[in-house]
Amino acid sequence: MPKITVIGAGAVGATTAQRIAEKELGDVVLTDIVEGMPQGKALDLMEAGQLMGYDSNIIGTNDYKDIEGSDVVVITAGIARKPGMTRDDLLRINSNIIRDVSQNIAKYAPDSVIITVTNPLDIMTYVSLKTTGFEPNRVFGMSGVLDSGRFAAFIAMELGCSVRDINAMVLGGHGDTMVPLPRFTTVSGVPITELMPGSTIQRLVDRTINGGAEIVNLLKTGSAFYAPSASVTNMVEAVLKNTGRIMPVCAYLNGEYGYSDIYLGVPAKLGREGIAKVIELKLEANEKKSMDNSANAVISGITALNKL
Ligand code: APR
């Protein structure tokens with residue numbers, strides 16, 4: 001069985017472990033700095049195995065030695081932005097966490113593929129790449145799969161059609177500057193630009209961009225975890241099964257789309273080596289402008305990080 005480590009056993013991490021086990025993608029190691037908590041959640045998941053019909057072995061630990069030999073490592077460790085905390089505060093705290101986590105991955109699982117989930121996503125993925133020194137194809141982040149999943153949900157609700165027939169495409173940074181692309185978003189192959197007026201599309205695009213905040217406002221404490229864990233599980237599956245699926249992911253760009261040495265959401269083909277290929281779409285002027293806006297936001301984040 002492949003070995004998958006999930007670092008951070010909070011809402012996203014624990015639900016990811018559950019989804020991986022229920023799909024029997026491999027054995028799972030769930031780690032956290034909090035003592036006992038990952039062990040408790042792992043044991044609970046083991047006790048669900050007979051009921052849900054999976055044979056995955058799930059262990060919880062506080063010791064990085066247990067991640068040795070991992071094929072894939074998912075990073076969800078971090079803290080959420082709390083009231084009164086600036087973006088720079090969050091950047092400082094989470095980048096320190098990602099540095100610590102990444103050093104341990106490089107030490108104990110040097111051959112793994114890393115998928116980051118911790119926010120601010122594009123910057124944290126950059127920190128993980130620079131800390132591990134891994135090849136860029138082995139370090140990428142979960143952003144566009146979630147944003148596209150949200151866009152697809154809103155389109156299905158609007159049209160009253162099956163969400164399974166929708167193929168949505170959201171690129172760019174994971175945040176306010178994300179770039180939903182209606183032209184590349186289809187229902188059974190038909191672009192939504194042919195199915196809905198522009199004003200409706202704009203409303204759904206805006207809702208997608210605010211998708212994370214909408215959930216935070218409803219939950220009051222905590223942020224989304226069902227769709228984020230489903231998104232990263234899809235990515236883990238594409239890697240481990242070497243499917244060659246094309247998904248929008250937060251990938252390292254080295255000239256693609258005209259950007260270098262940054263992470264940005266772009267379509268990529270996933271396989272056992274991580275990112276097998278970044279797909280370059282022909283963007284129209286307004287789409288490229290939105291991507292530039294996103295790239296500039298990521299560059300500002302990296303600059304802010306370097307100044308901390
Ligand atoms: N090493 C390991 N685990 C850590 C560390 C660390 N250095 N620092 C914090 N953690 C753990 C916390 O103990 C907590 O259990 O990370 C976990 C984070 O879980 P939650 O607070 O429940 O956050 P969650 O909702 O899972 O979100 C995690 O994913 O979607 C993003 O924005 C979200 O950045 C956030 C991340």
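**Figure 1. Polar contacts between domain 1 and domain 2 of the predicted model**. On the side of domain 1 that touches domain 2, at least two residues each are supplied by α1 (11-22), β4 (72-75), α4 (87-108), β5 (113-116), α5 (121-132) and β6 (139-141). Of these elements, α5 gives the largest share of that side, namely eight residues. Sorted by class, the side of domain 1 that touches domain 2 holds 19 nonpolar, seven polar and nine charged residues.

**Figure 2. Salt bridges across the interface of domain 1 and domain 2**. Three salt bridges are found by the rule across this interface. In the pair formed by K130 and D261, the closest N and O atoms are 3.0 Å apart, and a salt bridge is counted here when a side-chain nitrogen of Lys or Arg lies within 4 Å of a carboxyl oxygen of Asp or Glu, so the pair meets the rule.

Figure 3. To their contact, domain 1 contributes 35 residues and domain 2 contributes 36 residues.

**Figure 4. Residues around the ligand**. There are 17 residues around the ligand, and those that come nearest are A11, V12, D32, T76 and N119. For A11, a backbone N or O atom lies 2.9 Å from an oxygen atom of the ligand, and for V12, a backbone N or O atom lies 2.8 Å from an oxygen atom of the ligand. In the case of D32, by contrast, a polar side-chain atom is placed 2.6 Å from an oxygen atom of the ligand.

**Figure 5. Backbone geometry at P120 and at S188**. Most residues other than glycine have a negative phi, and most peptide bonds are trans. The peptide bond that joins N119 and P120 is cis, with omega at about -5°, and P120 has its place in the loop between β5 and α5. S188 is not a glycine, yet its phi is positive, at about 45°; this residue is found in the loop between β10 (186-187) and β11 (190-191).

Note on methods:
Residues numbered from 1 in each chain as written. Predicted model: local features only at pLDDT ≥ 70, side-chain atom pairs only at ≥ 80, totals over all residues. Heavy atoms only, no water. Contact = heavy atoms within 4.5 Å. Polar contact = N/O pair within 3.5 Å; in protein donor to acceptor, adjacent residues only side chain to side chain. Helix = DSSP H or I, 4+ residues; strand = E, 2+ residues; numbered from the N terminus. Nonpolar A, V, L, I, M, F, W, Y, C, P; charged D, E, K, R; others polar. Near = heavy atom within 4 Å.
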